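Please examine the sequence and the three-dimensional model together.

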Amino acid sequence: MALRHAVMAALLEGEASGYDLAKRFDTATADFWTSTPQQLYRELERMEGEGLIRARVVEQERRPNKRVFSLTEEGRSALHAFTRRPAKPTAIRDDMLVKLQAVDAGDPEAVRTSVMERMERARAKLARYERIRERLLNGRSEEEYLRETDHVGPYLTLLRGRYFEEENLRWGDEVLSILDARAARRAPR
């Protein structure tokens, strides 16, 4: 997947400025696709040049004018074609796993602290995901939302994020339990 596909998917929610897209990337897609603002702005320029998106200038009082982007029919076709291709398999590249692999020769307490910090981040993400879920549902049940919404994609990616972080917490609990049991066996008596 390229950044352009994530941008086009974000523009399905409606037109947005580069700044708005950067904020969406920080909140809505940060857990499955990241981008720096510089990468985003460069890609917007390329995509506009290729006809995948269209820009228009919005005049503002007391602020500089801004450009807002929207998806063109050509962009929608490209996004459609992207969804037809098989997804590439994911690979886990995680320095935490390397630390755990090396824990026997390393500092078990430092690794334990890293696991606890990861779990704390997972809890914070779950809290954020719950706020996003509440905003999406807007007082409706999940069944009502899914029946009434025109855009199910944001909810599906939210579910994946929630499940991922819930699994991080389960995994972290098990890792801590194993490390604690190992430390107890090795403690001087």
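**Annotated regions, cores and a surface patch**

In an unreviewed UniProt entry, residues 92–180 are annotated as "domain: Transcription regulator PadR C-terminal". The model considered here is predicted. Within it, the span 92–180 is 81% helix and 0% strand, and its end C-alpha atoms lie 25 Å apart. The unreviewed entry also carries the annotation "coiled-coil region", which covers residues 112–139.

Attention may now turn to the interior. In soluble globular proteins, nonpolar side chains tend to be buried together. The largest nonpolar core of this model comprises 19 residues, and Leu100, Val115 and Tyr155 have the most contacts inside it. Helices α5 (95–101), α6 (108–137) and α8 each give two or more residues to this core. The greatest contribution, eight residues, comes from α6. When neighbours within four places in sequence are set aside, Val115 is in contact with Met96, Leu100, Gly172, Val175 and Leu176. There is also a second, separate core of 18 residues, including Val7, Leu11, Leu21 and Leu44.

Leu146, Val152 and Leu156 make a nonpolar surface patch of about 230 Å². Of these, Leu156 is located in helix α8, which spans residues 153–186.

Technical notes
Residues numbered from 1 in each chain as written. Predicted model: local features only at pLDDT ≥ 70, side-chain atom pairs only at ≥ 80, totals over all residues. Heavy atoms only, no water. UniProt positions renumbered as here; feature names shortened; annotations may be inferred. Patch = residues over 30% accessible without salt bridge, like charges linked within 9 Å, V, L, I, M, F, W, Y side chains within 5 Å. Areas by Shrake-Rupley, 256 points an atom, 1.4 Å probe, with all protein chains shown as cover. Salt bridge = Lys/Arg side-chain N within 4 Å of Asp/Glu carboxyl O. Helix = DSSP H or I, 4+ residues; strand = E, 2+ residues; numbered from the N terminus. Core = buried A, V, L, I, M, F, W, Y, C linked by side-chain atoms within 4.5 Å. Buried < 20%, exposed > 50% of the residue type's maximum accessible area, 1.4 Å probe, protein only. Contact = heavy atoms within 4.5 Å.
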